[in-house]
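Take the structure first, then the notes below.

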Amino acid sequence: MGTAAAPHTLGRMARSATRRRPAPAPAAGEINPKAPCPCGSGRRYKHCHGSGYAPPVTRPFEGLPGEPDWVALRELVPAATALLQTTDGREVTLASVLPGGAPALVRSNGEILLGVQLPASSDDVSRDLGTALAAALESPAGAPVDPGPIGAAGSAGPRLQELLDLTAPLEVTVHPDFGFWLEGTDASAAARAGLERANEAVLPTERLEGLEAAYWVRPGNERAHLRWVRPEAEEPLLDALARLSASEQLLLGEGTRYAGAFRAHGLVVPVWDLPADTPAQEWAGPAAEFATRLEQALAATGPLSADERRARAGLLSRQVTLR
């Protein structure tokens, strides 16, 4: 009787046999499940449209006026509001966040507030928010809003793009605190105490005048930051930033430093370190000058040089994806 193979030998044999087994070729007209998905998501087909499930929506706010500001209010800005118009002419106050992370509120006077920062989200944030808004539009004044499951549990309502007037501009107002939570209400002592606790966490933030989705924030006494949500597609933007970096045109002036970038909801958010003692609005001019340089770099169509490719790799190493 032969000697039994050692367990590790059997493991190698099994793995070898697995490697030798050829994968079945896709039938005519079918897509190889391991090939990139034709939708352009960058995921394999079997993990995207070929999975049997709806693929993640990379840019949930695409098609809404002020898409970069939607991203900013969702991820970067602590206290801000903006007025929305529904397709039937009703006004809604969009808020960066609502008390307790509530998705929506209907005040006793009928005012509807929609919170863009939710505790949980699904693969389509627009549908999460649309589900909350649809429920709020049908809720009586002063009554709790019950949108049903939202976020990871699965949102079943319409998308924002189906509910909102897409011709109405988004005009953001940044607030120094969450005082807007209690405006026009007869707040209890507990509500006022909760407001004070929330206000303690608010970082000084300003939106730079004349620039879309450019937000100055000061997290401490040593440095401030400019976080600028850009509307361009990621790949052309990275090429343009690489061109500017290689030509030493990426900074906003003396004492500034390019810190890196966030990736959020399909858009890129470059971040610069700034001196903390310079008032926020004094950066509007340097930022506008940078926007002109960026526009010129975006218009360049030639391949990147060796220096620009190295700069691009360095930029990629300093990107963080917000989920």
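Asp-124 counts as buried because its relative accessibility is 10%, where buried means under 20% relative accessible area with a 1.4 Å probe and protein chains only. Asp-124 sits in the loop between E4 and H3. This is a predicted model, where local features need pLDDT of at least 70, side-chain atom pairs count only at pLDDT 80 or more, and totals for chains, interfaces and linings use all residues. Residues are numbered from 1 along each chain as its sequence is written, and side-chain values use heavy atoms, without hydrogens and water.

**Contacts**
- Beyond its neighbours within four places in sequence, Asp-124 is in contact (heavy atoms within 4.5 Å) with Val-57, Pro-60 and Arg-159.

**Nonpolar cores**
- The largest nonpolar core has 40 residues; such a core joins buried Ala, Val, Leu, Ile, Met, Phe, Trp, Tyr and Cys residues through side-chain atoms within 4.5 Å.
- Phe-61, Trp-70, Leu-114, Leu-133 and Leu-160 have the most contacts inside this core.
- Helix H3 (125–138) is one of the elements that give two or more residues to it; H3 gives the most, with 8 residues.
- This core draws at least three residues from each of domain 1 (67–200) and domain 2 (205–321).
- A second, separate core has 27 residues, among them Ala-242, Leu-274, Phe-290 and Leu-315.

Definitions and conventions
Buried means under 20% relative accessible area, exposed over 50%, partly exposed in between (1.4 Å probe, protein chains only). Helices (H or I, at least four residues) and strands (E, at least two) are DSSP runs, numbered from the N terminus. Domain bounds come from an automatic or database domain assignment.
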